[in-house]
Amino acid sequence: MAFTIAMAGKGGVGKTTLAGFMIRFLLEKDKKPILAVDADANANLNEVLGLRVENTVGAAREQMKRGVPAGMTKDVFMELKIGEALVEAEGFDLLVMGRPEGEGCYCAANTLLAGYIDKLSTNYPFIVIDNEAGMEHLSRLNARDVDLLLIVSDTSRRGIQAAFRIDELSRELNLIVRRRALILNRAKSDALDKLSEMFQGDGLKPAGTIPEDPELEEFDFRGKPSFHLPKGNACLKAAFGLFDALVN
(Lines give C-alpha, C1' and ligand atoms only; values in the text may rest on other atoms or scores of the structure.)
Protein backbone atom coordinates (compact mmCIF):
# COMPACT_ATOMS: atom_id res chain seq x y z
CA MET A 1 0.00 0.00 0.00
CA ALA A 2 1.29 3.44 -0.89
CA PHE A 3 2.54 5.83 1.78
CA THR A 4 0.24 8.83 1.26
CA ILE A 5 1.25 12.40 2.13
CA ALA A 6 -1.41 15.13 1.87
CA MET A 7 -1.00 18.89 2.09
CA ALA A 8 -3.64 21.12 3.71
CA GLY A 9 -3.94 24.76 4.77
CA LYS A 10 -5.56 28.04 3.85
CA GLY A 11 -4.86 29.68 0.51
CA GLY A 12 -1.56 31.44 -0.12
CA VAL A 13 0.53 29.77 2.58
CA GLY A 14 2.79 27.81 0.21
CA LYS A 15 1.23 24.33 0.21
CA THR A 16 1.97 23.75 -3.47
CA THR A 17 5.59 24.87 -3.16
CA LEU A 18 6.07 22.48 -0.23
CA ALA A 19 4.36 19.68 -2.16
CA GLY A 20 6.98 20.22 -4.87
CA PHE A 21 9.74 20.17 -2.25
CA MET A 22 8.35 16.91 -0.83
CA ILE A 23 8.39 15.28 -4.27
CA ARG A 24 12.00 16.39 -4.78
CA PHE A 25 12.93 15.13 -1.30
CA LEU A 26 11.46 11.68 -1.99
CA LEU A 27 13.25 11.50 -5.33
CA GLU A 28 16.60 12.41 -3.77
CA LYS A 29 16.02 9.73 -1.11
CA ASP A 30 15.32 7.23 -3.92
CA LYS A 31 11.75 6.73 -2.67
CA LYS A 32 10.15 6.29 -6.06
CA PRO A 33 8.17 6.05 -8.23
CA ILE A 34 5.89 8.73 -6.84
CA LEU A 35 2.37 9.68 -7.84
CA ALA A 36 1.94 13.45 -7.52
CA VAL A 37 -1.71 14.52 -7.39
CA ASP A 38 -2.93 18.07 -7.89
CA ALA A 39 -6.37 17.88 -6.26
CA ASP A 40 -6.89 21.65 -6.42
CA ALA A 41 -9.42 22.90 -8.98
CA ASN A 42 -7.10 25.90 -9.40
CA ALA A 43 -4.26 23.64 -10.48
CA ASN A 44 -0.67 24.92 -10.39
CA LEU A 45 1.45 22.06 -9.03
CA ASN A 46 2.62 21.46 -12.59
CA GLU A 47 4.07 24.99 -12.68
CA VAL A 48 6.02 24.34 -9.48
CA LEU A 49 7.32 21.09 -11.01
CA GLY A 50 8.02 22.60 -14.43
CA LEU A 51 5.61 20.28 -16.28
CA ARG A 52 3.06 20.91 -19.01
CA VAL A 53 -0.45 19.51 -18.47
CA GLU A 54 -2.83 18.93 -21.38
CA ASN A 55 -5.48 16.62 -19.86
CA THR A 56 -7.21 16.63 -16.49
CA VAL A 57 -9.74 14.54 -14.62
CA GLY A 58 -12.30 17.35 -14.81
CA ALA A 59 -11.91 17.61 -18.59
CA ALA A 60 -12.28 13.83 -18.92
CA ARG A 61 -15.54 13.94 -17.01
CA GLU A 62 -16.87 16.68 -19.27
CA GLN A 63 -16.03 14.55 -22.30
CA MET A 64 -17.86 11.61 -20.76
CA LYS A 65 -20.96 13.76 -20.19
CA ARG A 66 -21.03 14.59 -23.90
CA GLY A 67 -21.07 10.90 -24.76
CA VAL A 68 -18.75 7.93 -25.06
CA PRO A 69 -17.87 5.90 -28.17
CA ALA A 70 -20.26 3.10 -29.12
CA GLY A 71 -19.47 -0.16 -27.40
CA MET A 72 -17.50 1.50 -24.57
CA THR A 73 -18.81 1.81 -21.03
CA LYS A 74 -18.41 5.05 -19.09
CA ASP A 75 -16.07 3.35 -16.62
CA VAL A 76 -13.77 2.10 -19.38
CA PHE A 77 -13.86 5.50 -21.10
CA MET A 78 -12.94 7.32 -17.88
CA GLU A 79 -10.13 4.89 -17.09
CA LEU A 80 -8.72 5.46 -20.58
CA LYS A 81 -8.98 9.24 -20.35
CA ILE A 82 -7.57 9.51 -16.86
CA GLY A 83 -4.70 7.30 -17.95
CA GLU A 84 -4.06 9.78 -20.76
CA ALA A 85 -4.07 12.58 -18.17
CA LEU A 86 -1.07 11.12 -16.33
CA VAL A 87 1.99 13.27 -17.03
CA GLU A 88 5.16 11.18 -16.89
CA ALA A 89 8.34 12.67 -15.45
CA GLU A 90 11.63 11.26 -14.20
CA GLY A 91 10.82 9.24 -11.08
CA PHE A 92 7.24 10.44 -10.73
CA ASP A 93 3.94 10.91 -12.53
CA LEU A 94 1.51 13.81 -12.14
CA LEU A 95 -2.28 13.61 -12.20
CA VAL A 96 -4.31 16.85 -12.19
CA MET A 97 -7.96 17.13 -11.15
CA GLY A 98 -8.59 20.40 -12.98
CA ARG A 99 -11.97 22.07 -13.05
CA PRO A 100 -15.17 21.09 -14.81
CA GLU A 101 -16.37 23.37 -17.60
CA GLY A 102 -18.86 26.04 -16.60
CA GLU A 103 -20.38 26.43 -13.17
CA GLY A 104 -21.05 23.70 -10.70
CA CYS A 105 -19.65 21.59 -7.91
CA TYR A 106 -16.31 19.83 -8.25
CA CYS A 107 -17.57 16.87 -6.20
CA ALA A 108 -17.95 14.52 -9.17
CA ALA A 109 -14.44 15.22 -10.42
CA ASN A 110 -13.11 14.76 -6.89
CA THR A 111 -14.93 11.44 -6.52
CA LEU A 112 -13.45 10.22 -9.79
CA LEU A 113 -10.00 11.36 -8.71
CA ALA A 114 -10.26 9.62 -5.32
CA GLY A 115 -11.38 6.39 -6.97
CA TYR A 116 -8.58 6.47 -9.49
CA ILE A 117 -6.00 7.19 -6.79
CA ASP A 118 -7.20 4.05 -5.02
CA LYS A 119 -6.63 2.04 -8.19
CA LEU A 120 -3.21 3.57 -8.80
CA SER A 121 -1.99 3.20 -5.22
CA THR A 122 -0.71 -0.31 -5.87
CA ASN A 123 1.66 1.02 -8.56
CA TYR A 124 3.39 3.70 -6.46
CA PRO A 125 5.09 3.34 -3.07
CA PHE A 126 4.54 7.06 -2.40
CA ILE A 127 1.67 9.44 -3.19
CA VAL A 128 1.84 13.22 -2.61
CA ILE A 129 -1.50 15.06 -2.76
CA ASP A 130 -1.65 18.84 -3.04
CA ASN A 131 -5.16 19.64 -1.83
CA GLU A 132 -7.15 22.77 -2.45
CA ALA A 133 -7.20 25.58 0.08
CA GLY A 134 -9.41 25.38 3.14
CA MET A 135 -11.38 22.44 4.50
CA GLU A 136 -13.87 21.44 1.80
CA HIS A 137 -11.66 18.67 0.43
CA LEU A 138 -11.64 17.07 3.90
CA SER A 139 -15.43 17.15 4.17
CA ARG A 140 -15.61 15.42 0.76
CA LEU A 141 -13.29 12.74 2.15
CA ASN A 142 -10.72 13.15 -0.62
CA ALA A 143 -7.98 12.74 1.97
CA ARG A 144 -9.77 9.98 3.85
CA ASP A 145 -6.77 7.66 4.31
CA VAL A 146 -3.52 9.53 4.86
CA ASP A 147 -0.24 8.42 6.41
CA LEU A 148 1.07 11.97 6.89
CA LEU A 149 -1.11 15.09 6.85
CA LEU A 150 1.06 18.20 6.51
CA ILE A 151 -0.94 21.23 7.62
CA VAL A 152 0.81 24.32 6.29
CA SER A 153 0.43 27.85 7.63
CA ASP A 154 2.25 31.12 7.41
CA THR A 155 2.97 32.92 10.70
CA SER A 156 -0.25 34.96 10.65
CA ARG A 157 -2.84 34.43 13.36
CA ARG A 158 -5.50 33.73 10.72
CA GLY A 159 -3.35 31.13 9.03
CA ILE A 160 -2.65 29.30 12.28
CA GLN A 161 -6.30 29.43 13.32
CA ALA A 162 -7.20 27.90 9.95
CA ALA A 163 -4.62 25.18 10.59
CA PHE A 164 -6.24 24.42 13.96
CA ARG A 165 -9.68 24.17 12.31
CA ILE A 166 -8.35 21.82 9.63
CA ASP A 167 -6.83 19.62 12.31
CA GLU A 168 -10.09 19.59 14.30
CA LEU A 169 -12.20 18.81 11.23
CA SER A 170 -9.98 15.92 10.20
CA ARG A 171 -10.55 14.42 13.66
CA GLU A 172 -14.31 15.10 13.68
CA LEU A 173 -14.73 13.36 10.32
CA ASN A 174 -12.93 10.29 11.65
CA LEU A 175 -10.52 10.31 8.73
CA ILE A 176 -7.68 7.83 8.85
CA VAL A 177 -4.71 10.12 9.49
CA ARG A 178 -1.82 8.19 10.98
CA ARG A 179 0.32 11.24 11.62
CA ARG A 180 -0.17 14.97 11.28
CA ALA A 181 2.26 17.87 11.49
CA LEU A 182 2.05 21.65 11.34
CA ILE A 183 4.68 23.44 9.27
CA LEU A 184 5.07 27.20 9.61
CA ASN A 185 6.16 28.53 6.24
CA ARG A 186 7.79 31.87 5.33
CA ALA A 187 8.68 32.31 8.98
CA LYS A 188 10.66 35.21 10.37
CA SER A 189 13.37 34.32 12.88
CA ASP A 190 11.34 35.42 15.91
CA ALA A 191 8.02 33.97 14.73
CA LEU A 192 7.75 31.10 17.23
CA ASP A 193 8.48 33.37 20.21
CA LYS A 194 5.71 35.77 19.21
CA LEU A 195 3.21 32.97 18.57
CA SER A 196 4.07 30.76 21.52
CA GLU A 197 0.80 31.52 23.36
CA MET A 198 -1.18 30.00 20.48
CA PHE A 199 0.48 26.61 20.95
CA GLN A 200 -0.11 26.05 24.63
CA GLY A 201 -2.13 23.02 25.71
CA ASP A 202 -2.45 19.64 24.02
CA GLY A 203 -3.35 20.82 20.52
CA LEU A 204 -1.41 20.94 17.27
CA LYS A 205 2.21 22.07 17.65
CA PRO A 206 4.66 23.23 14.95
CA ALA A 207 6.93 20.48 13.69
CA GLY A 208 9.26 23.24 12.50
CA THR A 209 9.60 26.36 10.40
CA ILE A 210 10.72 27.23 6.90
CA PRO A 211 12.20 30.72 6.55
CA GLU A 212 11.33 33.53 4.21
CA ASP A 213 13.57 33.28 1.18
CA PRO A 214 14.34 35.96 -1.43
CA GLU A 215 15.64 33.37 -3.90
CA LEU A 216 12.32 31.51 -3.83
CA GLU A 217 10.45 34.81 -4.23
CA GLU A 218 12.60 35.59 -7.28
CA PHE A 219 11.82 32.18 -8.79
CA ASP A 220 8.10 32.79 -8.26
CA PHE A 221 8.28 36.30 -9.70
CA ARG A 222 10.03 35.06 -12.85
CA GLY A 223 7.77 32.03 -13.25
CA LYS A 224 10.65 29.59 -12.72
CA PRO A 225 9.76 26.18 -11.22
CA SER A 226 10.71 26.22 -7.52
CA PHE A 227 11.25 22.45 -7.89
CA HIS A 228 14.58 23.41 -9.49
CA LEU A 229 15.91 25.68 -6.73
CA PRO A 230 19.65 25.22 -6.10
CA LYS A 231 20.44 22.46 -3.62
CA GLY A 232 21.94 24.91 -1.12
CA ASN A 233 18.81 27.09 -0.98
CA ALA A 234 17.88 27.95 2.62
CA CYS A 235 14.16 27.13 2.51
CA LEU A 236 14.78 23.93 0.54
CA LYS A 237 17.33 22.77 3.13
CA ALA A 238 14.92 23.62 5.98
CA ALA A 239 12.10 21.70 4.29
CA PHE A 240 14.32 18.67 3.69
CA GLY A 241 15.34 18.68 7.35
CA LEU A 242 11.69 18.58 8.42
CA PHE A 243 10.75 15.95 5.86
CA ASP A 244 13.65 13.75 6.90
CA ALA A 245 12.27 13.61 10.44
CA LEU A 246 8.62 13.26 9.41
CA VAL A 247 8.87 10.70 6.61
CA ASN A 248 11.62 8.51 7.97
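Modeller: Ala, Val, Leu, Ile, Met, Phe, Trp, Tyr, Cys and Pro count as nonpolar, Asp, Glu, Lys and Arg as charged, and the others, Gly among them, as polar. This model is predicted, with local features needing pLDDT of at least 70 and side-chain atom pairs 80 or more, while totals for chains, interfaces and linings use all residues. Numbering starts from 1 along each chain, and side-chain values use heavy atoms, without hydrogens and water.

Biologist: Thanks! By class, what makes up the lining of the largest pocket?

Modeller: That lining has ten polar, six charged and five nonpolar residues. Helix H1 (15-28) gives the largest share, three residues.

Biologist: What makes H1 "mostly covered"?

Modeller: Buried means under 20% relative accessible area, exposed over 50%, partly exposed in between (1.4 Å probe, protein chains only). In H1, 13 of the 14 residues are buried.

Biologist: Why is the pair of Phe3 and Phe126 called tilted?

Modeller: Rings of Phe, Tyr and Trp (its six-membered ring) pair if their centres lie within 6.5 Å; planes under 30 degrees apart are stacked, over 60 edge-to-face, the rest tilted. Phe3 and Phe126 have ring centres 5.8 Å apart and planes at 55 degrees, so the pair is tilted. Phe3 sits in strand E1 and Phe126 in strand E5, 123 residues apart.

Biologist: Is Phe3 buried or partly exposed, and why?

Modeller: Phe3 has 24% relative accessibility, so Phe3 counts as partly exposed. Phe126, at 12%, therefore counts as buried.

Terms used: Helix = DSSP H or I, 4+ residues; strand = E, 2+ residues; numbered from the N terminus.
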